[in-house]
Amino acid sequence: MSDIAFEKIYRDEDVDLGVLTGKTVAVIGYGSQGRAQSMNMRESGITVIVGAGDRKRHSSWDKALADGFSVFPIEEAVEKADIVHILLQDPAQPAVYYESIHANLRPGQTLSFAHGFAILYGAIKPPKDVDVILFVPNGPGPVTRQKFKDGSGIWGCVGVDQDVTGKAMDTALAISKAVGSTRVGVALMSFQHETEGDNYEEQVLYGGAIHLMRTMYAIMVENGYPRSFAYAKAIRSIRSIIDDIDAVGIEAYLTSRASRTCEFAVRHSGPRVINEQAMRDIFEETQRGAFAKNWLQEFSLGMPTLHRMRRTWADSDMERTGEIWREKFGK
Ligand SMILES: NC(=O)c1ccc[n+]([C@@H]2O[C@H](COP(=O)([O-])OP(=O)(O)OC[C@H]3O[C@@H](n4cnc5c(N)ncnc54)[C@H](OP(=O)(O)O)[C@@H]3O)[C@@H](O)[C@H]2O)c1
C-alpha cells in the first residue's frame, strides 16, 4: 500500500443516518438524478416527497407518481420539507428557485444541491438562515440507481457552503449514505472545487476524448480505411481498455495487459496528441468563470450553438456509420 497522504474518505460506518429520522426530503426535479436519488433514499428508510413543475408541461410529475411518490407543486413541497434537495437541470435552477422556492423557505431548513454551479456563480443567493449543502454522486442517475440495487454505490462528494444549524455536514453525509455513496467512499469538497472540477472534466476529458475519437475516425476514413474498421478503432476499442485501466492502474495495464508494441506506442506518441497548453488555458478560463459565463449566455439565448452543432453532427458520416455499426455488431 502506498504511503501517499489521502484526504478523509467517509464510509458507511462513519455516517449516522439518524440525522434524517423524522425529517422530510423534498426532491425538486425528477430527471436523471432526481429519480435515482429519490428511490435510493426511500429504500434507505428516508421520507421523500417530490416537487415538480406544472403537470401539463412537466412529465416528471407523472413519472414520480408512477414510481409511488407523493408529488406536489414545488412551493408546497418546499413548505412540507426539512431538506429541499434541488435536482433540476442547472441553468433552469435560478428561475425555478426565485419563482417557487425562495419565498417559501423557513429558517433552519436545508437547501441541498447536486452541483455547486448556481451557488458559486451567484445565480442563487439563499437566505442567511438556512443550511446550504452539496451532495454529488460522481455518475449519471441510472448508474447511481443500478449500483445501489446491486448493493454498491457511486463514489461521491459532499460540501457545505452555509451552516446555520451546526449540522449541515452531518445532513450532507447522511444524504450521501442514503443514496448509497458511502458504501464506496465520499470526500469533502468545496462548492468551488466541485463545480470547477466538474466543468473542467466535461471540457477536457469528455470534450477531449470525443473530439479525439472524431478526428481519428475522420483521418482514417480520409485515408481510405473501411468505415467499420475506423469506427471500431476510434470508439469501441476504448471500451476494451478503460475498465481494465480502472481496475488495475495505468502502469499495470501497460506492462502486463497491453502488448509491447502498444506500450511503446503509448509512451512514444501519446504525449504529442495532447495539447497541454490548451488544457492549462481551459483550466484558467474555468477558474476565472469564463466557461460559466459562456454557458449561461448560450442557455439564455435558447442554446443556438448547441442546436446548430447537434444538427451537423447528427447527420455526420461518423454518426451514420455508428448506427449501422451498432445494428450489425451490437451495443
Ligand atoms: N446527470 C448526471 O450525470 C449528474 C451527475 C451528478 C450531478 N448532477 C447534477 O444533478 C442535477 C440534476 O441534473 P440531472 O442530470 O438529473 O437533470 P435532468 O435529468 O435534466 O432533470 C432535470 C429535471 O428538472 C426538471 N425541470 C427542468 N426545468 C424545469 C422547470 N422550469 N420547472 C420545473 N422542473 C423543471 C425536469 O422536469 P421535466 O422533465 O418534467 O421538465 C427534470 O425533472 C444538476 O445540478 C446536475 O448538475 C447530474
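1. Where is the place of Met303? Met303 sits in the loop between helix H13 (290-300) and helix H14 (304-314), helices here being DSSP runs (H or I) of at least four residues, numbered from the N terminus. Its phi is near 60°, which is a positive value in a residue other than glycine. Met303 has 14 other C-beta atoms within 10 Å and is therefore partly exposed, a class that lies between buried (20 or more such atoms) and exposed (12 or fewer), with C-beta atoms placed from the backbone.

2. A word on the basis of this note: the model is predicted, so local features need pLDDT of at least 70 and side-chain atom pairs count only at pLDDT 80 or more, whereas totals for chains, interfaces and linings use all residues. Residues are numbered from 1 along each chain as its sequence is written.

3. Leaving aside neighbours within four places in sequence, Val158 is in contact (C-beta atoms, placed from the backbone, within 7 Å) with residues including Ile133, Phe135, Leu173 and Met189.

4. Helix H8 (residues 191-222) and helix H9 (residues 227-248) pack at an angle of about 155°, with their axes 9 Å apart; axes are lines fitted to C-alpha atoms over the stretch in contact, and angles run from 0 to 180 degrees between N-to-C directions. H8 is therefore roughly antiparallel to H9, a term for angles over 145 degrees. Among the residues making the contact are Met213 and Tyr217 of H8 and Ala230 and Ile235 of H9.

Definitions and conventions:
Two residues are in contact if their C-beta atoms, placed from the backbone, lie within 7 Å. Helices (H or I, at least four residues) and strands (E, at least two) are DSSP runs, numbered from the N terminus. Angles under 35 degrees count as roughly parallel, over 145 as roughly antiparallel, 65 to 115 as roughly perpendicular and the rest as oblique.
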